[in-house]
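Have the sequence at hand as you read.

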Amino acid sequence: MSVVFVPKRQRGKAQINQETIQRLLDENDQLVRCIMEYMQKGRAVECVQYQQILHRNIVYLGTIADASPNLALHTNTPIGEAPTLMTQNGHKDITQNGQ
């Protein structure tokens, strides 16, 4: 059962920490693998069920990220700025995305 499924009486009380987020990411990885397996077998009904759970997990993770005021503290890139690629000689690559 997905960790996103929480009884109504416990909603809003869950501790969101790195372990919870990692469990969701691991679960999403497994869901993607199941979806791919069922797609290969032509079992569309099962795919849709897993896709709905995956969607709910991704929306939940996005909500956590949006609500996290210190998210920018954990990255080297300021919010709203694209990361800069470095070339092998240590210079910034200004031709991102093949432009």
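The model you are looking at is a predicted one. In it, helix α1 spans residues 18–41 and helix α2 spans residues 44–67, and the two pack at an angle of about 155 degrees. That angle is over the cut-off of 145 degrees, and therefore α1 and α2 are roughly antiparallel to each other.

Two packed helices are described by the angle between their axes and the distance between the axes. For the distance, the axes of α1 and α2 lie 9 Å apart. The crossing in which α1 passes α2 is left-handed.

Which residues of α1 and α2 make the contact? From α1 come I21, L24, L25, E27, N28, L31, V32, C34, I35, Y38 and M39. From α2 come E46, C47, Y50, Q51, I53, L54, N57, I58, Y60, L61 and I64.

V32 belongs to helix α1, and its C-alpha atom is 8.0 Å from that of Q51, a residue 19 positions away along the chain. With a relative accessibility of 34%, V32 counts as partly exposed. E37 is also found in helix α1. The C-alpha atoms of E37 and C47 are separated by 8.8 Å, and these residues are 10 apart along the chain. E37 has a relative accessible area of 40%, so this residue is partly exposed.

Now to the rings. How many aromatic pairs does the count give? There is one aromatic pair, formed by Y38 and Y50. A pair of aromatic rings is described by the distance of the centres and the angle of the planes. Y38 lies in helix α1 and Y50 in helix α2, so the pair ties together parts that are 12 residues apart in sequence.

Finally, step back to the whole chain. Two helices and two strands are present, and along the sequence they follow the pattern α-α-β-β. Of the 99 residues in the chain, 15% are buried. Among contacts in the chain with a separation of 6 or more, 43% come from residues 24 or more positions apart.

How values were computed. Residues are numbered from 1 along each chain as its sequence is written. This is a predicted model: local features need pLDDT of at least 70, side-chain atom pairs count only at pLDDT 80 or more; totals for chains, interfaces and linings use all residues. Side-chain values use heavy atoms; hydrogens and water are left out. Axes are lines fitted to C-alpha atoms, for helices over the stretch in contact, and angles run from 0 to 180 degrees between N-to-C directions. Helices (H or I, at least four residues) and strands (E, at least two) are DSSP runs, numbered from the N terminus. Angles under 35 degrees count as roughly parallel, over 145 as roughly antiparallel, 65 to 115 as roughly perpendicular and the rest as oblique. A crossing is left-handed if the near helix is turned anticlockwise from the far one by less than a right angle, and right-handed if clockwise. Contact means heavy atoms within 4.5 Å. Rings of Phe, Tyr and Trp (its six-membered ring) pair if their centres lie within 6.5 Å; planes under 30 degrees apart count as stacked, over 60 as edge-to-face and the rest as tilted. Buried means under 20% relative accessible area, exposed over 50%, partly exposed in between (1.4 Å probe, protein chains only).
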